[in-house]
Amino acid sequence: MPRLDASDFFFFRSYESGRSSYVTMIADYVPLQDPGGGPNFYDMEHNGFYDVNLDLDGTGRPTYTVRFRFYPVNRNITLPVGGKNVAIALINSGPIAVGDDTAQNVGEIYTISLLTYSNGVAAETMLKDTNGQSMFQKPVDRIGDKSVPNYAAYAATFTHDVVIPGCGTGRVFVGQRKDPFVVNLGETFDLVNYVHPIGEQYNASAQDDLAGKNVTSIVTEVPSSCVTRPGDPVVGAWTTSSLGTTVNGKTTYQQVSRLANPLVNELVIGLKDKNRFNMSLPANDAQFGTYVTNPTVPALIQALYPTLKAPTKFPRNDLVAVFLTGIAGVTAPAHLINAAEEMRLNTSIPITPYGSQNRLGVIGGDKAGYPNGRRPGDDVVDITLRVAMGRLYSLGLYGTPADAPSGLVDLTDGAYTDDTHYLTTFPYVKPPLSDSHQPAHE
């Protein structure tokens with residue numbers, strides 16, 4: 001179900017100039033989009049919804065949920081052919097431009113609602129833009145330069161200012177983007193078959209297998225004060241999607257995808273439990289605890305590279321902190337009721353400006369980066385490899401250097417990224433790629 005597949009999640013203090021009092025959340029869905037994927041391109045799921053969940057009290061349950069529902073728009077454009085009006089088979093019958101979508105045959109609109117929970121019961125409020133409108137339009141995917149000239153400028157007009165009751169105004173953009181995740185995908189899942197797996201000098205030695213792919217991004221920016229409580233600047237977040245099933249006129253929804261920290265579902269959770277994890281609530285993550293306290297990836301790396309020794313201290317409390325409880329002094333909340341796999345962000349840690357961010361985040365000395373939230377330019381694959389092999393032990397956290405014989409080894413997948421690969425302003429992720437770049441011609 002690619003339309004409901006959460007492929008990535010980012011959560012960070014906004015580093016656009018003048019926006020330091022805001023946080024940005026990016027939830028990516030419909031992964032591995034080929035730029036030339038016509039004629040239908042990539043819709044969202046219309047029989048379901050997409051959530052960004054926020055935990056302000058350490059329960060592993062949402063305090064607030066921002067919910068997106070998508071609806072199709074079909075204009076049924078026809079052309080006169082031999083005296084008959086015949087419906088066209090394409091998304092558009094001509095160019096689509098800023099302020100002029102009359103040639104667009106199909107599209108999508110969406111609603112945004114805010115769910116506030118009290119004693120497990122959600123109260124839902126529809127959100128509106130600053131003009132009082134509750135329906136928001138999504139830009140058409142990037143068909144090509146003849147269909148949508150100057151796509152970047154066109155897509156920019158679909159950033160919406162949204163009123164958050166009792167909290168101020170945020171921004172939302174939903175649309176196709178270039179996939180921001182960077183990974184040497186083929187070699188990673190071919191038994192970590194890296195040509196140069198060790199050495200910082202090899203951090204750009206391999207290809208990014210997603211360099212030619214697009215994704216659909218749900219980007220939300222809200223005031224930090226909306227997602228924190230007095231005395232605790234740390235907030236946890238994750239994204240989920242749900243699919244509806246209708247029986248006898250009644251529709252019920254089942255959560256089918258879940259994502260917070262990168263690579264957890266792919267590399268941490270055992271194959272037999274992946275679906276269970278996708279359908280679960282973070283508050284119930286104790287059932288998956290062994291995958292974190294006794295992880296398999298370091299053991300696999302040692303088996304594949306015998307000179308690289310996996311950490312020897314168990315349980316892996318360093319990984320428990322990264323994924324389940326927060327790191328003391330960085331992402332640990334003031335009050336934790338349930339250990340839960342969430343992406344935690346400390347909104348009191350100063351922003352590192354664009355151009356100065358360290359791609360290795362916290363282990364690179366930049367506390368404003370992953371796993372303190374996640375910025376687009378954080379190289380999470382390299383970070384995850386090094387932390388899995390005990391980098392925090394080697395730094396004297398949760399253990400000693402002796403507990404991690406290979407903890408200081410600079411493992412890398414060779415696919416490089418940093419903050420300069422992304423935009424300096426909202427929505428931060430770049431416009432999508434196209435397979436049709438040449439100027440329009442007759």
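This is a predicted model: local features need pLDDT of at least 70, side-chain atom pairs count only at pLDDT 80 or more; totals for chains, interfaces and linings use all residues.
Strand β14 covers residues 234–247. Ten of its 14 residues are buried, so the strand is largely enclosed by the rest of the structure.

Strand β14 pairs with β3, β15 and β16, taken here in turn. Strand β3, residues 48–55, runs antiparallel to β14 and is joined to it by eight bridges. Within this pairing, Asn53 lies opposite Trp238 of β14. Strand β16, residues 343–346, is also antiparallel to β14, with four bridges between the two. Here Val234 faces Asn346 of β16.

One of the residue pairs is Gly244 with its bridge partner Tyr253 in β15.

The two strands form a hairpin, with two residues between them. Asn248 lies in the turn and has a positive phi of about 55°.

## Helix α7

Helix α7 consists of nine residues, 317–325. Seven of them are buried, so this helix is largely enclosed by the rest of the structure. The buried residues are Asp318, Leu319, Val320, Ala321, Val322, Phe323 and Leu324. An α-helix has 3.6 residues a turn, so residues three or four places apart point the same way. In α7, the buried residues run from Asp318 to Leu324.

These buried residues pack against the helices α3 (264–268), α5 (289–293), α8 (380–388) and α9 (391–394), and also against strand β16. After α7 comes Gly326, which has a positive phi near 95°.

## Asn372 in the loop between β16 and α8

Asn372 is located in the loop that lies between β16 and α8. Its relative accessible area is 2%; since buried means under 20%, Asn372 is buried.

The side chain of Asn372 makes polar contacts with backbone atoms of two residues. It reaches the backbone nitrogen of Asn346 at 2.7 Å, and the backbone oxygen of Lys367 at 2.7 Å. Asn346 is in β16, where it stands opposite Val234.

With neighbours within four places in sequence left aside, the residues in contact with Asn372 are Val330, Thr331, Arg344, Leu345, Asn346, Ile349, Val362 and Lys367.

Notes:
Residues are numbered from 1 along each chain as its sequence is written. Side-chain values use heavy atoms; hydrogens and water are left out. Buried means under 20% relative accessible area, exposed over 50%, partly exposed in between (1.4 Å probe, protein chains only). Two strands pair if DSSP finds at least two bridges between them. Contact means heavy atoms within 4.5 Å. A polar contact is a pair of N or O atoms within 3.5 Å; within protein, one must be able to donate a hydrogen and the other to accept it, and residues adjacent in sequence count only if both atoms are side-chain atoms.
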